[in-house]
Amino acid sequence: MTPRLVLIPLLILLGLTEATAAWAQDKGTIDAKPLPPLANPNDPKIGAKELFGRKVLPAALPTRVLGFYAHGCIAGAEGLPINGDTWQVMRLSRNRYWAHPDIVALIKRLANKAHEDAGWPGILIGDMSQPRGGPMFTGHASHQVGLDADIWLTPMPNRTLSRNEREDMSAVMMVRDDRLDIDPRVFTPGHLAVIRAAALEPTVQRVFVNAAIKKALCREAKGDRHWLSKIRPMYGHDYHFHIRIKCPPGANECEGQPEPAESEGCSAKDLAYWFKDSVLHPKPHPKPPKPKPPMTMASLPAACKAVLAAPDAKQ
Ligand SMILES: [Zn+2]
């Protein structure tokens with residue numbers, strides 16, 4: 001059994017809201033076929049991912065964040081330009097480079113800081129949200145309201161990547177084979193600088209990384225360490241880290257999360273769970289639980305129906 005098959009039931013069991021794992025590395029294709037139209041788009045039992053996954057552009061509506069990171073949608077999302085001086089968007093075929101304008105602006109700032117603080121040519125951007133948010137066919141439980149973004153832990157190369165490379169190129173694994181620490185051949189002070197720059201952004205509430213990366217940051221961070229409280233160990237963040245911002249000011253329909261505890265989360269006790277053998281090397285479930293039925297529109301805020309129905313924003 002592959003690790004991926006083991007991990008999926010485990011993530012479902014744990015009810016995690018962040019389910020990017022090995023499949024964050026899945027390759028794309030430059031000639032992705034558009035999805036066929038749905039026979040019964042009004043069937044209330046239809047998976048909401050079927051509806052949101054068919055939207056190619058954001059809703060032409062003012063920006064509104066509706067619901068929670070793992071059950072919601074977004075109106076008036078903004079696209080991150082696929083090329084900037086200090087960033088490039090990967091896996092364009094997934095069409096997941098849409099988000100709230102606040103996180104789009106934040107990524108541009110972070111890209112610039114990665115260039116200045118870490119000396120990287122720039123950063124590579126993985127999944128943000130679909131044009132109208134909502135659940136996705138693959139990969140994530142969260143990323144539904146345009147407030148989450150995945151950043152590769154591989155620096156941007158010093159050239160513009162081709163369309164094909166953006167689908168095919170793999171990020172670099174940061175974690176040692178025994179899963180107990182980072183791989184010092186690939187995890188550099190530049191990585192710390194980039195992750196710290198993300199955590200220092202006041203609107204960033206959580207940054208998800210593999211537990212071995214958290215352990216390394218705890219060991220290596222010098223000076224002011226208060227930002228470490230935002231760094232949260234999470235499954236599946238071996239190749240990329242994940243930024244989550246708070247509900248933007250005035251977004252009354254956005255459902256936020258409590259602030260993380262103020263402690264650094266660096267003690268042996270804090271990290272113990274993540275380094276238990278049963279977590280590092282989970283055993284296959286003897287009888288895998290039945291997959292959960294897909295999220296329907298009934299699980300999302302009612303206003304998400306209007307987001308789906310709205311015309312496409314002009315680009
Ligand atoms: Zn993510």
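Buried denotes under 20% relative accessible area, exposed over 50%, and partly exposed in between (1.4 Å probe, protein chains only). The model is predicted: local features need pLDDT of at least 70, side-chain atom pairs count only at pLDDT 80 or more, and totals for chains, interfaces and linings use all residues. Residues are numbered from 1 along each chain as its sequence is written, and side-chain values use heavy atoms, with hydrogens and water left out.

**Exercise 1.** Classify Cys247 and Cys254 by accessibility, and describe their link.

*Solution.*
1. Cys247 has 24% relative accessibility and therefore counts as partly exposed.
2. Cys254, at 11%, is buried.
3. The sulfur atoms of the two residues lie 2.0 Å apart and form a disulfide (a pair of cysteine sulfur atoms within 2.5 Å).
4. The torsion about this S-S bond of Cys247 and Cys254 is about -75°, so the disulfide is left-handed.

**Exercise 2.** Determine which parts of the chain the disulfide of Cys73 and Cys304 ties together.

*Solution.*
1. The S to S distance between Cys73 and Cys304 is 2.1 Å.
2. Cys73 belongs to strand S2 (residues 71-75) and Cys304 to helix H9 (residues 303-309), so the pair ties together parts 231 residues apart in sequence. Helices (H or I, at least four residues) and strands (E, at least two) are DSSP runs, numbered from the N terminus.
3. Both Cys73 and Cys304 are buried.

**Exercise 3.** Identify the donors of the zinc ion.

*Solution.*
1. Donors are N, O and S atoms within 2.8 Å of the metal (3.2 Å for Na, K and Ca); water is not among the atoms, so sites may look incomplete.
2. His143 (NE2), Asp150 (OD) and His242 (ND1) coordinate the zinc ion at 2.1 to 2.4 Å.
3. Their sequence spacing is H-x6-D-x91-H.
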